[in-house]
Structure formats: structure tokens, C-alpha cells
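Here are my notes on the model you asked me to look over. Keep the viewer open while you read, and click on each residue as it comes up.

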Amino acid sequence: MAHLRCSAPECGITLELHARALACPRCGDLLEVAIDAVESDPQDLKKLWIERRSSYDRLDASGVWRFREFLPRYDAGQVVTMPEGNVPLIRAQRAAEWAGLRNLWFKHLGWNPTGSFKDLGMTAGMTEAKFAGAGMVACASTGNTAASLAAYAARAGLIARVYLPAGQASANKLAQAIDFGAEVIEIEGSFDDALEILLDSRDPDLYFLNSINPFRIEGQKTAMFELLEQFKWEIPDYVVVPGGNLGNSSAFGKAFKELKSFGLIDRLPRMVIVQAAGANPLARLWRSDSRQFEAVKYPETIATAIRIGNPRSWKKALRAIELTDGMAIDVTDEEIGEAKETIGRDGIGCEPASATTLAGLRKLVAAGIVDRDAVVAAVLTGHALKDTEYIIRSRKKLELRDATGVHG
Ligand SMILES: *Cc1c(COP(=O)(O)O)cnc(C)c1O
Ligand SMILES: [Zn+2]
């Protein structure tokens with residue numbers, strides 16, 4: 001069984017699971033799904049989850065729903081799935097060397113149906129939307145949430161509306177949203193403005209599927225169940241993740257907390273959240289003595305997926321790094337570009353936002369904070385083909401550099 005709970009520990013108000021609320025009615029903080037009890041023995045569960053990988057059952061075949069003992073329950077026929085998840089853990093070669101590490105692994109969540117981790121959250125969020133009787137679903141997005149929402153809404157037979165900052169989403173992501181039949185509304189301003197407009201609209205016909213939706217978080221947390229399973233439940237020293245609206249890092253923190261409290265693991269990996277220097281409110285907060293949150297008014301970075309100045313889930317993410325003895329740092333666009341090129345040379349590729357992880361690791365190893373023998377999992381969040389304009393533009397820059405004989 002499960003219910004909704006206010007995510008503020010000092011509040012803790014509870015609501016019925018399907019209450020269709022996004023904020024606590026008492027204090028206004030974000031809600032989360034509380035899993036009350038997991039009946040099975042931890043060893044039996046780990047065995048069962050692996051066994052499901054050889055099953056053709058609809059739910060077993062999903063890398064999200066095969067962990068359903070930790071998710072809200074639905075009848076199998078109600079679940080909207082592609083399926084998603086079950087993405088590999090890949091040993092990095094050149095990238096490891098470049099960062100100065102010996103044991104670096106990439107968990108490539110970009111290898112999901114629409115090319116980003118958003119699918120892991122969307123299968124859960126869309127299932128709940130349909131269960132709640134929604135006719136129309138909506139999100140504000142820098143591009144990937146829009147693509148994922150559009151695809152899953154199409155599968156669910158629901159109308160999709162997406163709000164994008166005009167001229168900021170990559171053409172590839174916009175193309176996906178259009179291809180899957182979403183109504184695209186372009187907003188003058190940033191992602192933060194688009195999200196505010198959507199939330200202020202309070203349209204009762206719209207079901208909201210941004211990551212403030214607690215069901216999205218439930219789907220996304222399973223990425224860490226799968227990651228630890230791939231490490232044979234031996235806990236890596238670090239898990240490194242890009243930070244934008246901070247839903248994903250919140251979800252990972254929730255996964256670690258639940259796995260420990262239900263006895264599946266006895267120690268936590270340290271979580272490192274990496275932001276872009278031009279959109280770094282959490283990294284700033286972490287560096288400051290006051291630990292006061294201050295939004296970045298005009299977020300700027302080439303990593304458009306994390307070009308977010310006012311992340312809604314910052315409190316959840318902060319609690320996650322405190323829980324895991326982790327940290328929040330930032331990297332420049334130049335560092336992101338170099339890291340992205342390196343991941344490409346490994347034959348893996350990713351979108352710019354994902355490369356913050358490797359850029360951050362290189363900095364932390366150089367500073368002596370992360371040991372070169374540490375076991376590190378870096379989460380790649382989006383596929384290389386998500387932002388092809390960026391790649392072509394950087395090639396032109398390289399050619400220009402070579403032609404003028406200026407080598408940096
Ligand atoms: C959404 C997204 C992020 C940021 O995730 P948050 O949950 O908003 O912090 C990072 N990378 C990619 C590719 C994304 O699509
Ligand atoms: Zn509350």
C-alpha cells in the first residue's frame with residue numbers, strides 16, 4: 001500500500017494516494033509517494049527482479065515495473081508502458097582516463113524509448129493520469145519531457161499539450177513532440193517562465209506531468225534499483241547526476257533511502273549533482289555558508305536540458321545529498337563541451353547536459369576530492385541525437401580553429 005505525504009519532514013501531512021494534488025495543503029511543499037510496507041524478503045525480491053528479465057509479461061518487460069513492489073499498484077491492463085528501462089551499464093574507457101579514474105561506468109538513461117530518462121518517470125505519471133481519469137496532460141519542458149509526454153500520451157490515448165521556451169528547445173526534441181501529436185505552445189522567456197505560466201493557469205482539465213508530480217519521481221527512482229542490481233548490489237562509491245529542475249536527483253535519493261530502510265542495501269553511494277555554471281542555484285547554495293536558496297534569474301548554458309534557474313525540487317535534492325554525504329558542484333560550458341567530445345570518442349555519446357557528469361568528475365579528481373580508485377557511476381541522461389545542432393556547430397568551430405592555426 002502507498003499514500004501521498006508532504007516531503008517536508010517537519011510537516012509530514014498524509015493524503016490519499018490518488019488525491020491528485022501536487023503541493024501540501026498545509027505548508028505548500030512538494031508531495032511524495034510513501035511506500036508503507038514491502039512484504040517480501042530482500043533476497044527473494046532481488047531474485048524475483050532478475051527473473052522477470054526473462055519474462056515476456058508486459059510489466060515484467062519494463063525496467064520500471066519489474067520493481068513494482070516499490071511502486072503504486074495498478075492492474076496490469078492500466079499500466080502505460082513501451083516498455084522502458086533495462087538500459088546497460090557501460091564501462092567507460094577514454095572517458096575514465098580523461099577524468100583520471102580507474103573504475104568509471106556510464107548508466108545510459110538516454111537509451112530509453114524517446115531518448116531520455118524522462119520515459120522512466122512518464123510511464124508512472126501517465127499511468128496515474130489515466131487512472132485518475134484525465135483527458136488532457138500537460139508539462140512545461142526544455143524539450144525532453146515534452147517528447148516523452150507526447151509519446152506516452154499517444155500510447156494512453158490522451159491529449160498532450162507542451163509548453164516550451166521559444167527558440168530554446170533543440171530541433172530534435174521539438175520534432176519528437178510534434179511527431180507524437182502534441183499541441184506545442186511556445187512561451188517567450190525561459191523554462192522557469194513556462195512552468196510558472198502552466199502552474200498559474202490552474203486549468204482543472206489539465207493533468208500536470210512535470211517532475212513536481214510525485215508519480216514521475218516513483219518511476220525515475222527505479223533507475224537506481226537497476227543500477228545497483230547491475231553492480232550486483234555492491235554499492236559504488238559515487239553516483240553522479242546532472243541537475244536541472246532536480247527531480248531526477250530527488251528520485252535517486254528516494255531510491256537509496258527506501259532500499260536502505262527496507263533492508264536491500266546497508267550503505268549508500270555518495271551522490272554528486274552537477275549543474276552548469278550559468279544555471280547553478282544548488283551548487284551556489286552548497287558552496288555558501290548560509291545555505292540559502294536563491295534562484296538564478298537568467299539561466300544560460302549550452303546544455304539546454306538543464307537551463308533552469310528556479311528548480312522546483314531543490315529541497316528534495318538537498319536532502320538527498322545530505323542523506324548520502326554527497327555534494328553539488330558546477331562546470332562551465334567549455335568543460336561540458338570537452339567532456340561531451342570525450343564521451344563521443346568512447347563510442348557512446350550523449351547530449352550536452354549529460355556530459356556535466358564527466359566534466360564534474362574530472363574536476364573532483366583533479367582537486368583530490370574523488371580518489372582515482374573510486375568506483376563511480378555517471379548517469380547519462382539523454383541520447384547523442386537529442387541535440388545534433390550542437391554537435392554540428394562544435395565541428396564548425398573546430399574546423400575554424402584548425403584553419404586559422406589557433407590551437408587551444
Ligand atoms: C531533464 C533532463 C535533465 C535534468 O533533470 P532534472 O530532473 O530536471 O534535474 C538532465 N539531462 C537531460 C538530458 C534531461 O532531459
Ligand atoms: Zn506540508
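1. Ground rules. This is a predicted model, where local features need pLDDT of at least 70, side-chain atom pairs count only at pLDDT 80 or more, and totals for chains, interfaces and linings use all residues. Residues are numbered from 1 along each chain as its sequence is written, chains are lettered from A and ligands numbered from 1 in the order in which they are written, and side-chain values use heavy atoms, with hydrogens and water left out.

2. The two domains. The protein chain splits into domain 1 (1-37) and domain 2 (89-114 + 220-394); bounds like these come from an automatic or database domain assignment. Taken over C-alpha atoms, the centres of domain 1 and domain 2 are 27 Å apart.

3. Where they meet. On the domain 1 side, 11 residues are in contact with nine residues of domain 2 (contact means heavy atoms within 4.5 Å). Between them, domain 1 and domain 2 bury about 700 Å², with 54% of it on carbon and sulfur atoms. Buried area here is the accessible area (1.4 Å probe) that two parts lose on being put together, summed over both. In domain 1, Asp29, Leu30 and Ile35 lose the most area to domain 2, together 50% of what that side buries.

4. What holds your eye at that interface. Look for the one salt bridge between domain 1 and domain 2: aspartate 29 pairs with lysine 315, and their closest N and O atoms are 3.3 Å apart. The term means a side-chain nitrogen of Lys or Arg within 4 Å of a carboxyl oxygen of Asp or Glu. The side of domain 1 that touches domain 2 has seven nonpolar, one polar and three charged residues.

5. Serine 313. Is serine 313 buried or exposed? Serine 313 is buried, with a relative accessible area of 1%; buried means under 20%, exposed over 50%, and partly exposed in between (1.4 Å probe, protein chains only). You'll find serine 313 in the loop between helix 9 (281-287) and helix 10 (314-323). Helices (H or I, at least four residues) and strands (E, at least two) are DSSP runs, numbered from the N terminus. Not counting residues up to four places away in sequence, serine 313 touches Leu30, Ser211, Asn245, Leu246, Gly247 and Ser250.

6. Most residues other than glycine have a negative phi, and most peptide bonds are trans. Now check the bond from methionine 82 to proline 83, which is cis, with omega near 15°. Proline 83 sits in the loop between helix 1 (42-51) and strand 4 (89-91). Asparagine 86 has a positive phi, near 55°. Arginine 202, also with a positive phi, of about 45°, is in the loop between helix 6 (191-201) and strand 9 (206-208) and is exposed, at 69% relative accessible area.

7. Glutamate 69. This residue, glutamate 69, counts as buried at 12% relative accessibility, and its place is the loop between helix 1 and strand 4. Glutamate 69 and isoleucine 35 are 34 residues apart in sequence and 9.1 Å apart in space, C-alpha to C-alpha.

Technical notes
Ala, Val, Leu, Ile, Met, Phe, Trp, Tyr, Cys and Pro count as nonpolar, Asp, Glu, Lys and Arg as charged, and the others, Gly among them, as polar.
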